[in-house]
6 protein chains.
Amino acid sequence: MSTRYPHPDLNTLPDDIRAKILEVQEKAGFVPNVFLAFARRPAEWRAFFAYHDALMAPESVGRTSNLTKGDREMIVTTTSAANNCLYCVVAHGAILRIYEKKPPVADQVAVNYRKADISPRQRAMLDFAMKVCTDSDKVEDADFAALHVHGFDDEDIWDITAITAFFGLSNRMASVTGMLPNPEFYLMGRMPKAKA
Amino acid sequence: MSTRYPHPDLNTLPDDIRAKILEVQEKAGFVPNVFLAFARRPAEWRAFFAYHDALMAPESVGRTSNLTKGDREMIVTTTSAANNCLYCVVAHGAILRIYEKKPPVADQVAVNYRKADISPRQRAMLDFAMKVCTDSDKVEDADFAALHVHGFDDEDIWDITAITAFFGLSNRMASVTGMLPNPEFYLMGRMPKAKA
Amino acid sequence: MSTRYPHPDLNTLPDDIRAKILEVQEKAGFVPNVFLAFARRPAEWRAFFAYHDALMAPESVGRTSNLTKGDREMIVTTTSAANNCLYCVVAHGAILRIYEKKPPVADQVAVNYRKADISPRQRAMLDFAMKVCTDSDKVEDADFAALHVHGFDDEDIWDITAITAFFGLSNRMASVTGMLPNPEFYLMGRMPKAKA
Amino acid sequence: MSTRYPHPDLNTLPDDIRAKILEVQEKAGFVPNVFLAFARRPAEWRAFFAYHDALMAPESVGRTSNLTKGDREMIVTTTSAANNCLYCVVAHGAILRIYEKKPPVADQVAVNYRKADISPRQRAMLDFAMKVCTDSDKVEDADFAALHVHGFDDEDIWDITAITAFFGLSNRMASVTGMLPNPEFYLMGRMPKAKA
Amino acid sequence: MSTRYPHPDLNTLPDDIRAKILEVQEKAGFVPNVFLAFARRPAEWRAFFAYHDALMAPESVGRTSNLTKGDREMIVTTTSAANNCLYCVVAHGAILRIYEKKPPVADQVAVNYRKADISPRQRAMLDFAMKVCTDSDKVEDADFAALHVHGFDDEDIWDITAITAFFGLSNRMASVTGMLPNPEFYLMGRMPKAKA
Amino acid sequence: MSTRYPHPDLNTLPDDIRAKILEVQEKAGFVPNVFLAFARRPAEWRAFFAYHDALMAPESVGRTSNLTKGDREMIVTTTSAANNCLYCVVAHGAILRIYEKKPPVADQVAVNYRKADISPRQRAMLDFAMKVCTDSDKVEDADFAALHVHGFDDEDIWDITAITAFFGLSNRMASVTGMLPNPEFYLMGRMPKAKA
């Protein structure tokens, strides 16, 4: 129950990486461990977060997407649970709670997305993501058609696929290297917001 | 995302069942849905909770057990997650947090008990419980021996087996009948207790 | 190939349990081992058999069911075979042969229920039971609808689910504790009844 | 629940096949369906039974084997159960009962060979056969070594492998073509022999 | 990475077997290892190749089949890949390339037949073959109907089933005994034929 | 059997991407389809290839690795075969043949790496990679220890993990988007080099 690869000292990191980490710390109040765990390999760190941002913050690369921020985090939480990745379920479950403004939804999709309080459109999205996660070789035209019914176009399907695939990478790195969720994540977004 | 079997009116229930439900409500502040879901079949309700109490509160039937309350809830949470049972993971995860006084432990064992912050003895206990949950036909003497190493005796092993088996029943009933966790469970036990 | 937990001496058992065991012996000519195996834990014995009777002999608790005795034993035999539980396949296969009056049917459903000489209604019942047994988290409305087509109502579906779930408990207890079928069961009900 | 391929008329069969079938009928009192099911394709019939006899009656081809007749039928029954083949479990289970002179052993190995009343040598033999049946690509030197410990030599291991592989063929043919066990098999060998 | 059973000296073999091996060598330029590996057991050798020829060269036993030579080798390559059998994938992949006159097709069906450049009819044929290979107990009328749609009749379905079943035997023998593909197979049929 | 996402026109691509593609074409004689398939999303293209190069050409980012080029391609080919990814098995199998200078090795690891003609050190490496590929949540200290025995250090293990994880991403993208191997790959590296 501890990481297998020690985190580097922040002061030893390349300027761009240290700057980004400090920016995240400023914004979130803590540094999610994934930023420190990958930092020991700067080239991989840069590629990982560039890929992450291209998929999870498409506007940062000048792209729009029909998937909402909540949709994206829901894909991550659901497929990471299928991969039994502690770091990603806990960290992205926290962000999912915040975006969807529904505290129970993260635990629901992590345990059994078929029982979750989500829309039929999101349910279809998760069915597809789960097939990409566990049986990508069996994805066929009928799976695309099932998403088109709910208004997803082929760019959206690329997004669902790429997010699932990217976090499959992340899940494997986190599980094998012993990446652990920061304690802050367990509680984030669990309180329903008081109405003004 | 709603139960398939409507809950009966409390006033229509047999006295013993209604009394027990009111007692639980008094103590917990709400009635966990499992008490209402089973109440439509009084004979099954009585057998289910008698069995539950015999295993989870052995002192109530004049028996002692080397498993702590936390051990027992940890078995329930871990194996219910393997069965993808939303009700049991959320409800028993809440109780586990309270007994173990470690808020993150429920999410940890639910996602990947191999990464959880638990003792080697608890790890061995969960390895055995998971084998009972998914491959009970393959349990052999070597599995008993692995528990003996950690100080578990054959009565403890009966307990681990019976708890896993009983909640396997509960998981199947909850998933098929559409039993949903009360909203209260999601948040229970998540705040670390302030020190006096 | 012997039980891991010795059977208690009949004389040391509580009166209600000993009386029931003697009654069973009187009726069947022998004591099925499950009665002795559980007796070392009286509270669990009582809950187990109360639950058993509520499901398998609903008239004993004032309930009627559209499932026949044969239907119920067929569910037990089929799902116990999926769990590779020697005790339950042999013991309940015997009872199934007797109720269905078709000696081969128990071996058929135990090996491959898709090849068994049963009605389409029973086939649908077993398809559902097998899903409850192995993938209860994936049971959905379409599975209920498939049973409605054959005239099963939601109470019947509760019965199928509960019987499968209860014997999933029994299967795990029997396999792990080393419960072995009494020799008598292997042969019971195998002779076609002579016609008068 | 009926064969998908009609049996040919005995009179239309080539002489050698008809003669063999009549010989079997003379000896067994009935014609096991496998002889009729394959007869519609004489060349396959001849190859199938030539292979069968070379493995199951090695003395008929001038070979000796350290496996007993009971060992061989035990392999067939156990692996056919893993393949859920009704015909082979019922027909070869019958022969197994006769050779081993232990009526319960066929049901035991079919349901869970780990619980069967067999020797440690037979247990090791079945462990290997099951790996050949389900994971032949993973068989390695350590699996051979585990059999050597029990006195099996490499010729015996070839036998275990070939019997498992041959009945894997038979299982698939029987299941897909709808081959059904003759009623006689269900009861054969179930009565313990009276002692003289 | 070497066979576990030494090949016999050609001069020690029975005349019929030696003659056939020399004939194959004459025709192919080398002796495929399967001919030598089985030759240590002449009776099994004869049955194996008689069965092989009855299925793969039906005209040799006076039967016609609607499956082309390419269809048959495609079934072998695809299902052998599912069984991870090195010998059969490499050897029959080579023959498949030659018959289909499409060098890439063998690698395609071995890795993922759903992505292969084959006809819808062949795709349906492989779907059925794969079900026979991995889940023969679940083959039902609907699977037959799916083939009828593509013009396959029940004799063709027997062929698909028997080829899959026979090479399942071959796969298990090859993997366990350590049969290795001759080096020649890896390259055979990979060059597109120059057009005249 | 065609890609689901059309390739963009080379002239419409950003300069850096077009330049890199032309450089690859110059060097290899053709443009591997992965370069064109990802190019429709420039930000993802850049991140993907930056990550690829950081892992597969560590010297390009100023890092050294104890894994040889052949080791790395062997991990890719083996785990891509486990994921049934046609593009990666064919393309990286080609590169593996070239680096290892053993034409058969790519087909061997793709079909069954346990039968491949590789060193015990490479075998241990592939055992670990396969566990990362299919059961990353179960990787534990013992798996690290098994690699240490063969001289791999923890940086090497990070490499094995990251390569497996990255190509798991690539496999899912290729399979879902319908990326097909260029015809050139099927034949590359299959001819043993003539000795000078």
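Helix 3 and helix 9 of chain A pass each other in a left-handed crossing, a term for the near helix being turned anticlockwise from the far one by less than a right angle, with clockwise being right-handed. Helices here are DSSP runs of H or I with at least four residues, numbered from the N terminus. The structure is a predicted model, in which local features need pLDDT of at least 70, side-chain atom pairs count only at pLDDT 80 or more, and totals for chains, interfaces and linings use all residues. Residues are numbered from 1 along each chain as its sequence is written, chains are lettered from A and ligands numbered from 1 in the order in which they are written, and side-chain values use heavy atoms, without hydrogens and water.

**Helix pairs**

Two packed helices are described by the angle between their axes and the distance between the axes. Axes are lines fitted to C-alpha atoms over the stretch in contact, with angles from 0 to 180 degrees between N-to-C directions. In chain A, the axes of helix 3 (residues 42–56) and helix 9 (residues 154–177) come within 10 Å and cross at roughly 150 degrees. That makes helix 3 of chain A roughly antiparallel to helix 9 of chain A. Helix 3 of chain A contributes Phe48(A), Tyr51(A), His52(A), Leu55(A) and Met56(A) to the contact, while helix 9 of chain A contributes Ala162(A), Ile163(A), Phe166(A), Phe167(A), Leu169(A) and Ser170(A). Contact means heavy atoms within 4.5 Å. Angles under 35 degrees count as roughly parallel, over 145 as roughly antiparallel, 65 to 115 as roughly perpendicular and the rest as oblique.

| Helices | Angle | Axes |
|---|---|---|
| Helix 1 (residues 15–28) and helix 3 (residues 42–56) of chain D | roughly 50 degrees | come within 10 Å |
| Helix 7 (residues 120–135) and helix 8 (residues 141–148) of chain D | about 155 degrees | 9 Å apart |

Helix 1 and helix 3 of chain D are therefore oblique to each other, and their crossing is left-handed. Asp16(D), Ile17(D), Lys20(D) and Ile21(D) of helix 1 of chain D meet Pro42(D), Trp45(D), Arg46(D) and Asp53(D) of helix 3 of chain D.

Helix 7 and helix 8 of chain D are therefore roughly antiparallel, and this crossing too is left-handed. On the helix 7 side of chain D the residues are Ala124(D), Met125(D), Phe128(D) and Lys131(D); they meet Asp143(D), Phe144(D) and Leu147(D) of helix 8 of chain D.

Helix 9 (residues 154–177) of chain C has 24 residues and spans 34 Å between its first and last C-alpha, close to the 34 Å expected at 1.5 Å a residue. The expected span is 1.5 Å times one less than the number of residues. Because 22 of its 24 residues are buried, helix 9 of chain C is largely enclosed by the rest of the structure. Buried means under 20% relative accessible area, exposed over 50% and partly exposed in between (1.4 Å probe, protein chains only).

At the start of helix 9 of chain C, a side-chain oxygen of Asp153(C) comes to within 2.9 Å of the backbone nitrogen of Glu155(C). Thr177(C) belongs to helix 9 of chain C and, at 3% relative accessibility, counts as buried. The side chain of Thr177(C) reaches the backbone oxygen of Met173(C) at 2.6 Å. Apart from neighbours within four places in sequence, Thr177(C) is in contact with Trp158(B), Thr3(C), Arg4(C) and Tyr5(C). Just after helix 9 of chain C, Gly178(C) has a positive phi of about 80 degrees.

For helix 3 (residues 42–56) of chain C, the 15 residues should span 21 Å at 1.5 Å a residue, which agrees with end C-alpha atoms 21 Å apart. The buried residues of helix 3 of chain C include Trp45(C), Phe48(C), Phe49(C), Tyr51(C) and His52(C).

**Cys133(F)**

Cys133(F) is found in helix 7 (residues 120–135) of chain F and is buried, with a relative accessible area of 6%. The C-alpha atoms of Cys133(F) and Thr164(F) are separated by 6.3 Å, although the two are 31 residues apart along the chain. Leaving aside neighbours within four places in sequence, Cys133(F) is in contact with Arg172(A), Thr79(F), Ala82(F), Asn83(F) and Thr164(F).

**Positive phi in loops**

Most residues other than glycine have a negative phi. Asn84(A), not a glycine, has a positive phi near 55 degrees; Asn84(A) lies in the loop between helix 4 (69–82) and helix 5 (86–100) of chain A and counts as partly exposed at 25% relative accessibility. Lys101(C), also not a glycine, has a positive phi of about 55 degrees. Lys101(C) lies in the loop between helix 5 (86–100) and helix 6 (105–112) of chain C, and is exposed, with a relative accessible area of 68%.

**Chains without contact**

No contact joins chain B and chain E, and their closest C-alpha atoms lie 20 Å apart. Chain C and chain F do not touch either, with nearest C-alpha atoms 20 Å apart.

Technical notes
Helices (H or I, at least four residues) and strands (E, at least two) are DSSP runs, numbered from the N terminus. A polar contact is a pair of N or O atoms within 3.5 Å; within protein, one must be able to donate a hydrogen and the other to accept it, and residues adjacent in sequence count only if both atoms are side-chain atoms.
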